[in-house]
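Please keep the sequence and the structure in view as you read.

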Amino acid sequence: DTEVTQTPKHLVMGMTNKKSLKCEQHMGHRAMYWYKQKAKKPPELMFVYSYEKLSINESVPSRFSPECPNSSLLNLHLHALQPEDSALYLCASSQEQGTNEKLFFGSGTQLSVL
Amino acid sequence: SQQGEEDPQALSIQEGENATMNCSYKTSINNLQWYRQNSGRGLVHLILIRSNEREKHSGRLRVTLDTSKKSSSLLITASRAADTASYFCAISGYSTLTFGKGTMLLVSP
């Protein structure tokens, strides 16, 4: 199994809603990532988890709250988002955290904030 | 910033032609990776070239790296309509990968 599975594929939420994005991998990877990608732009790193501990937080607003319940799962909890947070949210994993690692990406969650 | 700059931003070719994309960067690197993204989907890793390598091949892909010029190129030979996608270089820094702005490739039948 070389897949990273993200749910839901599409999400529409209001600015007062609370929602969660989910990501799962069963490749035994110990590093997991959240990226945000706006249309026609490159992915931008948000968070990195290594061995289930938050390793990197790229100064992301607190309305985004990551969680890594176990080595296979990664969640992104969303609360009080703004319309400018509308984007494709991509989860990725790699064997270990490190820049010599190749990343395996999920298909993403297309988020629209109204 | 370690972000790569891809050139061209967009490329339109016919099936069977070769496509060349370039990536320039500003700092020293550990390695450079290339990824492909079909519209609105996740990225797929294509190839990784280490800083001590000059050229690498994978199927129809050929990647070169010139650390003295801080640049890399991705060549896709005998392109197919299915190669239509955005291509990103990713620069490896101290602890993270930073993606370049990408080249949108359109291959027409």
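The link of C23(A) and C91(A) is left-handed, with -70 degrees about the S-S bond. C23(A) sits in strand β3 (residues 18-25) of chain A and C91(A) in strand β9 (residues 87-94) of chain A, so the pair links distant parts of the chain, 68 residues apart. This is a predicted model.

**Disulfide in chain A**
- The sulfur atoms of C23(A) and C91(A) are 1.9 Å apart.
- C23(A) and C91(A) are both buried.

**Disulfide in chain B**
- C23(B) and C89(B) form a disulfide, with sulfur atoms 2.1 Å apart.
- The torsion about the S-S bond of C23(B) and C89(B) is about 65 degrees, so this disulfide is right-handed.
- C23(B) lies in strand β3 (residues 19-24) of chain B, and C89(B) lies in strand β9 (residues 85-92) of chain B, so the pair ties together parts 66 residues apart in sequence.
- C23(B) and C89(B) are each buried.

- C68(A) is buried, with a relative accessible area of 13%.

**Hairpin in chain A**
- Strands β5 (residues 44-50) and β6 (residues 53-57) of chain A run antiparallel, joined by 4 bridges.
- β5(A) and β6(A) form a hairpin with 2 residues between them.
- In the turn, Y51(A) has a positive phi of about 50 degrees.
- S50(A) stands opposite K53(A) in β6(A).

Note on methods
Residues numbered from 1 in each chain as written. Chains lettered and ligands numbered in written order. Predicted model: local features only at pLDDT ≥ 70, side-chain atom pairs only at ≥ 80, totals over all residues. Heavy atoms only, no water. Pairing = 2+ DSSP bridges. Disulfide = S-S within 2.5 Å. Buried < 20%, exposed > 50% of the residue type's maximum accessible area, 1.4 Å probe, protein only.
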